[in-house]
Amino acid sequence: FLSAQTFWVPWTGDGRFHFRLRTELTGGWHSMSQGRRAEHFTEDGVNVTVWETEAPQELIYLVAGPYVVREKEHDGVQILTYTYENTPEDLCNTYLDAAGRYLDHYGELIAPYPFSKWAMVENWWQTGFGMPGFTLLGDRVIRLPFIVDTSYGHEILHCWWGNGVYVDYETGNWCEGLTAYQADYAYKLAEGEEAARDYRRNALTGYLDFASGAEDFPLREFRERSDFGTQAIGYGKSAMVFHMLRQRVGDARFWETLHRIASQAYWLPTGPDSRAGRHD
């Protein structure tokens, strides 16, 4: 797992950029990165893959491992699973099918999916990382029966909020609260009003327990979760602010505004095979 923190490529930190990344791996290893999989073949025991970005990126991620690759096409989007050999095929199919449902749901609710691929990549660390076009999930995490109906959708939604519409961290990280509201809270709301009320109550309880005193700070100062207090503010308090906003302006204006923000901030496809554009 290589990210910006490892400084594995020359780095200036200025602006966003396109990149083309080619990997040549032996031993049954395959790679994953941002962008579309432009080339993918095996020659003389070497797995060659080329990744090309569709939109300017802030970072370059490279993940590689001894993966079994499975894929399907869904409305022009390539959906993949990169899993270890002992991961059951039926579990992979569950994640492939669920991804298609989430892409349809959020594509209709917010705006068209802004990338040409989505991949669930298995990891021996117990992680839950969301990158542009893929997620890195722990091998024990993906086997939890509730993950595919909860956290998986949360990571996919980050392709709209955080990895599609970027965050200006100097003015606060708003995307975790909005993603929690449109994923975690929305799934509880789909179960029923009682489950949704419990979610809101738990969010308020977490705030009172961990962040209502000297630990409290404005949302504009939230950057990332580091403990229960920052989680209570950056996820719970932020989600409740979006809930309050929705109540004040009404459903129609709330959803239309999010659609307009997403549509103007990245790109809408101009043709059946076109997913190129810009991120701001």
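Which residues point one way from S8, and which point the other way?

Reply: Happy to! One thing to keep in mind from the start is that this is a predicted model.

Let's begin with the strand you asked about. Strand S8 covers residues 117-123. Lys117, Ala119, Val121 and Asn123 point one way from S8, while Trp118, Met120 and Glu122 point the other way. In a regular strand, side chains alternate between the two faces of the sheet. Whichever way they point, these residues of S8 are all buried. Seven of the seven residues of S8 are buried, so the strand is largely enclosed by the rest of the structure. Here, buried means under 20% relative accessible area.

Next comes the partner of S8. Strand S7, residues 77-83, runs parallel to S8, and five bridges join the two. Strands of a sheet pair through backbone hydrogen bonds, either parallel or antiparallel. To find this pairing in the view, look for Ile79, whose bridge partner in S8 is Trp118. Another place to look is Thr81, which stands opposite Met120 in S8.

S7 is mostly covered too, with seven of its seven residues buried. On one side of S7 you will find Val77, Ile79, Thr81 and Thr83, and on the other Gln78, Leu80 and Tyr82. Both faces of S7 are therefore covered, as the residues on either side are all buried.

S6 and S7 form a hairpin with two residues between them. In the turn, Asp75 has a positive phi of about 55°.

Most residues other than glycine have a negative phi. Asp44 is another residue with a positive value, its phi being near 55°. Asp44 sits in the loop between S3 and S4, and with a relative accessible area of 77% Asp44 is exposed. Phe7 also has a positive phi, near 50°. Phe7 belongs to the segment before S1 and, at 59% relative accessibility, counts as exposed.

Three strands make up an open sheet in the order S1-S4-S3, with antiparallel pairing. At its edges are S1 (20-25) and S3 (36-43), each of which pairs on one side only. From one strand to the next, the twist averages 10°. S1 pairs with strand S4, residues 46-52, in the antiparallel sense over six bridges. Within that pairing, Arg22 has Val50 of S4 as its bridge partner.

Now for two helices. Helix H3 spans residues 175-191 and helix H4 spans residues 193-210; they pack at an angle of about 140°, with their axes 5 Å apart. That angle makes H3 oblique to H4. From H3, the contact is made by Ala180, Asp184, Tyr185, Lys188, Leu189 and Glu191, and from H4 by Glu193, Ala195, Ala196, Tyr199 and Arg200. Sorted by class, this contact has six nonpolar, no polar and five charged residues.

Thr179 also lies in H3. At 0% relative accessibility, Thr179 counts as buried. Leaving out residues up to four places away in sequence, Thr179 touches His154, Leu157, His158, Trp161 and Asp184.

Last, a look at the cysteines. A disulfide is a covalent bond between the sulfur atoms of two cysteines. This structure holds zero disulfides. For Cys92, the closest cysteine sulfur is in Cys159, 19 Å away, which is too far for a bond. The closest cysteine sulfur to that of Cys175 is also in Cys159, at 11 Å, again too far for a bond. Cys92 counts as buried, at 0% relative accessibility, and Cys175 is buried as well, with a relative accessible area of 4%.

Notes: Residues are numbered from 1 along each chain as its sequence is written. This is a predicted model: local features need pLDDT of at least 70, side-chain atom pairs count only at pLDDT 80 or more; totals for chains, interfaces and linings use all residues. Side-chain values use heavy atoms; hydrogens and water are left out. Two strands pair if DSSP finds at least two bridges between them. Helices (H or I, at least four residues) and strands (E, at least two) are DSSP runs, numbered from the N terminus. Axes are lines fitted to C-alpha atoms, for helices over the stretch in contact, and angles run from 0 to 180 degrees between N-to-C directions. A disulfide is a pair of cysteine sulfur atoms within 2.5 Å. Buried means under 20% relative accessible area, exposed over 50%, partly exposed in between (1.4 Å probe, protein chains only). Angles under 35 degrees count as roughly parallel, over 145 as roughly antiparallel, 65 to 115 as roughly perpendicular and the rest as oblique. Contact means heavy atoms within 4.5 Å. Ala, Val, Leu, Ile, Met, Phe, Trp, Tyr, Cys and Pro count as nonpolar, Asp, Glu, Lys and Arg as charged, and the others, Gly among them, as polar.
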